[in-house]
Amino acid sequence: MEDLVLFYPENHQLHAYPNHPERPERIEVIRQKLEEMGIWEQSGFVEAANIPQSVLYSIHSEEHVQRVKQASQQGRSLDSDTYLTTASWQLALNAAGGGIAVADAVFTRKARYGFALCRPPGHHATPNQAMGFCLLNNIALAAEYILQTHDAKRIAIVDIDLHHGNGTQDIFYHRGEVFYCSIHQYPLYPMTGLTSEMGAGEGMNTNLNIPFPPYAGDEARQAAWDTAVHPLLEDFNPEMLLISAGFDAHWRDPLGHQLATASGYGRLIQQFTEFANRKCQGRMAVFLEGGYDLGAGAACALAVTQSLLGQEWEDQIGSSPMSEDPFWESRLQGVLKQWDLPV
């Protein structure tokens with residue numbers, strides 16, 4: 001069994017747009033940092049899997065697939081945020097297929113843990129719309145693949161990106177097999193992820209949102225895990241844990257106002273792995289989402305990878321010069337009351 005498998009999106013540099021924050025350098029600085037620390041050469045690698053039609057069309061509509069494919073063929077943007085080149089459709093398939101391959105390797109215990117460096121990212125892609133830099137929902141497709149292929153019954157997705165993963169929420173909102181949790185800044189794009197959004201129908205009480213105000217950081221995210229995410233995951237009892245790891249909650253990121261640190265990311269991943277080891281037979285995989293300050297992204301990715309490997313993680317940037325705004329405590333109390341959890 002490999003200790004860690006990685007997915008690297010070959011040729012992802014062909015998906016690029018001048019002066020856009022979602023740029024190829026995001027992946028390359030992570031690769032460089034992991035090479036520098038000797039982790040890259042010691043890891044196993046997977047190639048992108050083919051996405052079964054039954055999986056693709058359980059997550060995205062045929063209209064969505066055709067719309068993105070045609071826009072890519074024409075090399076045109078879908079909106080002011082979401083660009084495509086003539087290579088983007090195939091690269092989106094590769095990113096999603098890479099995430100599936102990582103999740104499959106972990107679920108079948110060919111690897112202890114996995115880290116999919118997916119690009120383009122995915123958690124904003126809804127069943128019917130590409131948005132927020134995202135074309136296909138990588139983590140949702142991986143979850144669906146595991147549910148269909150391995151007859152799994154329950155999967156949990158924890159999203160620690162700066163932004164709410166509205167696409168992942170929408171996809172599983174009415175389904176009970178996937179527990180989705182997002183810790184994010186609100187108000188902020190895409191202006192979803194309210195505490196009251198708890199799922200519906202068979203998915204009722206399987207959708208947890210923790211919308212923190214600006215200037216919440218490691219302390220807030222740790223408290224969210226301790227008081228809300230962890231106890232609800234204990235009750236859900238998942239067979240696999242998938243993590244949407246956006247590094248844009250870091251205090252240096254230009255797109256938000258959270259104060260997380262690389263060390264805080266490493267600590268959360270450590271606790272996620274401890275949970276997965278105890279409840280999911282160790283089955284946990286991490287998917288790259290956002291993160292637009294290159295140095296912060298590399299530092300967070302290093303801390304996450306070292307944490308997955310059970311190593312002491314390094315924070316080569318350190319903490320924000322600002323202090324956390326304690327208003328996050330009242331937001332979290334509102335979440336706990338909504339879910340009838342101890343305040």
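Predicted model: local features only at pLDDT ≥ 70, side-chain atom pairs only at ≥ 80, totals over all residues.
Residues are numbered from 1 along each chain as its sequence is written. Local features need pLDDT of at least 70, side-chain atom pairs count only at pLDDT 80 or more, and totals for chains, interfaces and linings use all residues, while side-chain values use heavy atoms without hydrogens or water.

**Figure 1. Overall fold of the protein chain.** The chain has 11 helices and 8 strands (DSSP runs of H or I with at least four residues, and of E with at least two, numbered from the N terminus). Buried residues account for 62% of its 343 residues (buried: under 20% relative accessible area, 1.4 Å probe, protein chains only).

**Figure 2. The pair of Phe-212 and Trp-328**. The structure holds 10 aromatic pairs (ring centres of Phe, Tyr and Trp, the last by its six-membered ring, within 6.5 Å; planes under 30 degrees apart stacked, over 60 edge-to-face, the rest tilted). The rings of Phe-212 and Trp-328 are edge-to-face, because their centres lie 6.0 Å apart and their planes stand at 85°. Phe-212 belongs to strand S6 (residues 207-212) and Trp-328 to helix H11 (residues 328-338), so the pair ties together parts 116 residues apart in sequence. Both Phe-212 and Trp-328 are buried.

**Figure 3. The pair of Trp-225 and Phe-275**. With ring centres 6.2 Å apart and planes at 90°, Trp-225 and Phe-275 are edge-to-face. The pair links helix H8 (residues 218-236), which holds Trp-225, to helix H9 (residues 262-279), which holds Phe-275, 50 residues apart. Trp-225 is buried at 3% relative accessibility, and Phe-275 is buried at 1%.

**Figure 4. An aromatic cluster.** Tyr-8, Trp-40 and Phe-45 together form one aromatic cluster.

Methods:
Buried < 20%, exposed > 50% of the residue type's maximum accessible area, 1.4 Å probe, protein only.
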